[in-house]
Amino acid sequence: RNAERVLVERLRDARFFWDADRKVRLEDRLGRLDTLLFHKKLGSYRAKAERVGELAERIARDVLKASGVAAAARLAGILCKADLATDVVGEFPELQGIMGGVYAREQGERDEVWRAVYHHYLPIGIEADAPPARRDLGSGAVVWAAVSLADKLDTVVGLFHAGEKPTGSRDPFGMRRQAQGLLRILIDLPELTGLTTRVSLGELLTMACEVHGQPDAEVLQKESIFLLERTRYVLEGRGFDVRNVRSVTHHRSIEDLHPIDARRKLEVLPEFTGSQDFRQLMTVFKRVKNIAKELPGGALGAF
């Protein structure tokens, strides 16, 4: 009975806040986001929402080649943090994002907009079957991808620009998790959205740097190394052989690294390396390498 009494009171609170929240549209709550600090060097959540909206529009139009949903992506990006100023999320913070999507649906936003807001914190896991599923995204799959990528990219790049970085086992801002979610989208883009676009990490990084202001070469190098390491981590976490992961990401600049290409190569590489043709090629390569050892300086470097 005591547990029931507590639960009933919580549900009454939720119902009260739900009714109160629906009296104010999400866009009318954006002003309150100015009072919520995202990071002392990156400004408020209002500033972040505006950056996410801009990035989402550009990603939809220029990266995903889906200009028809660019305006919806911008709107969803601007609205995606508005529920932080609602009473329900204030009382039940674990519902952030979810309530934003629900309120967007209640106020009549289009399907692709409210679904993008609802799911924009996802994915969290790196597994191929980790939420969200394509059926959950519905017609909003492409808009969701643009907004989720924009949000995660803004966080990672912005924090690097602000001088933050994960060290050892410490990652107080969740930068690794954000990067891994970003990469999960890129690696599984066809299954999640139906798009076949090959997205370069360098293209996304350049776009985010333009929004935040071009960093010095040292910061850009740190960002590139971080994203490359996270790419390898996600692929290895999928069960791909560590040596094969290194082979498909070795000596690549971040501009040339397409996560979906890396995944596809890893899927066919075991079959190729187990073939008779590959074993013959490996034997020939070893012979050439041994011969090159006897040649004057520099020749071996080519191998």
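Student: Which side chain does Arg 263 meet in a salt bridge?

Tutor: Happy to start there, with a reminder that this is a predicted model, where local features need pLDDT of at least 70, side-chain atom pairs count only at pLDDT 80 or more, and totals for chains, interfaces and linings use all residues. Residues are numbered from 1 along each chain as its sequence is written, and side-chain values use heavy atoms, leaving out hydrogens and water. A salt bridge needs a side-chain nitrogen of Lys or Arg within 4 Å of a carboxyl oxygen of Asp or Glu. At 2.7 Å, N to O, the partner of Arg 263 is Glu 191.

Student: Where do Arg 263 and Glu 191 lie, and how many residues apart are they?

Tutor: Helices here are DSSP runs (H or I, at least four residues), numbered from the N terminus. Arg 263 belongs to helix H14 (residues 259–273) and Glu 191 to helix H10 (residues 189–193), so the pair links distant parts of the chain, 72 residues apart.

Student: Is Lys 81 buried or exposed?

Tutor: Buried means under 20% relative accessible area, exposed over 50%, and partly exposed in between, with a 1.4 Å probe and protein chains only. Lys 81 forms a salt bridge with Asp 151 at 3.2 Å, N to O. Asp 151 has a relative accessible area of 3%, so Asp 151 is buried. With 2% relative accessibility, Lys 81 is also buried.

Student: What separates Asp 19 and Arg 15 along helix H1?

Tutor: These two form a salt bridge, with their closest N and O atoms 3.4 Å apart. Asp 19 is partly exposed at 30%, while Arg 15 is exposed at 53%. Because they are four residues apart in helix H1 (residues 2–21), the separation is about one helical turn.

Methods. Helices (H or I, at least four residues) and strands (E, at least two) are DSSP runs, numbered from the N terminus.
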